[in-house]
Amino acid sequence: MFSKPLSLVLGAAALAAAQLASAANLPTQPVLTLAAAQQVIQAAQAKAQAENWPCVISVVDAAGLPLALVRMDNAAVPAGVEIAPGKARTAALFRRPSGALEDAVNGNRPAAATARGFVLMRGGLPLVADGQIVGAIGVSADTPQHDEEIAKAGVAALK
């Protein structure tokens, strides 16, 4: 039935597909590495320690998947091990600070509260490299203002 072995036909098709993909000039995007995530966490942790705000700090990639998490000794909110990654995931997937969603719920967009599985609280900030969101940091300390200050220290470490 076939004039060529099936493996040859499939191999040629895979090669042709690979050549088309490279010819398409696909865009590139920076990726948040574990080393960069650890750098972000270290800067945020240093801010939290300097201010005596023990907390939980989480960093996720652009898809909202966890890269690193630190729970400092005596973290103020035990539930922070759930909340901080949720804030980071929310900031990564909505491509904006998680506090913007808190503002929406409390303001003119209460329907935002129906976004199931997300944490609509301050403390999650996107991480940007080369103008593109590569991940996010989420912090759960003792107040929303402290959460954001600690997260901003982490964001600054990536620049």
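Two residues are in contact when heavy atoms of one lie within 4.5 Å of heavy atoms of the other. In this predicted model, 63% of the contacts between residues at least 6 apart in sequence join residues at least 24 apart. The protein has 159 residues, and 36% of them count as buried.

**Overall layout**
- The protein contains 5 helices and 4 strands.
- Along the sequence, these elements follow the pattern α-α-β-β-α-α-β-β-α.
- The accessible surface of the protein is about 9200 Å², and carbon and sulfur atoms account for 57% of that surface.

- Strand β1 covers residues 56–61, and strand β2 covers residues 66–71.
- The two strands, β1 and β2, pair in the antiparallel sense over 5 bridges.
- Ser-58 has Leu-69 in β2 as its bridge partner.
- Between β1 and β2 there are 4 residues, and the two strands form a hairpin.
- Gly-64 sits in the turn of this hairpin and has a positive phi of about 85°.

**Helix α5**
- Helix α5 runs over residues 144–158, which makes 15 residues.
- From its first C-alpha to its last, α5 reaches 22 Å, close to the 21 Å expected at 1.5 Å a residue.
- The buried residues of α5 are His-146, Asp-147, Glu-148, Ile-150, Ala-151, Gly-154, Val-155 and Ala-157.
- Helices α2 (34–51) and α3 (80–94) are among the elements that cover these buried residues.
- The cover of the buried α5 residues also includes the strands β1, β3 (124–129) and β4 (132–140).

- Glu-51 lies in helix α2, one of the elements covering the buried residues of α5.
- Glu-51 has a relative accessible area of 35%, so this residue is classed as partly exposed.
- His-146, by contrast, is one of the buried residues of α5.
- Glu-51 and His-146 are 95 residues apart along the chain, while their C-alpha atoms are separated by 9.1 Å.

**Ser-98 in helix α4**
- Ser-98 belongs to helix α4, which spans residues 98–106.
- A residue counts as buried under 20% relative accessible area; Ser-98 has 0%, so Ser-98 is buried.
- Leaving aside neighbours within four places in sequence, the contacts of Ser-98 include Lys-87, Thr-90 and Ala-91.
- Ser-98 is also in contact with Val-119, Leu-120, Met-121, Arg-122, Gly-123 and Gly-124.

Technical notes:
Residues are numbered from 1 along each chain as its sequence is written. This is a predicted model: local features need pLDDT of at least 70, side-chain atom pairs count only at pLDDT 80 or more; totals for chains, interfaces and linings use all residues. Side-chain values use heavy atoms; hydrogens and water are left out. The expected span of a helix is 1.5 Å times one less than its number of residues. Buried means under 20% relative accessible area, exposed over 50%, partly exposed in between (1.4 Å probe, protein chains only). Two strands pair if DSSP finds at least two bridges between them. Accessible areas come from the Shrake-Rupley method with a 1.4 Å probe; for residues, only the protein chains shown count as cover.
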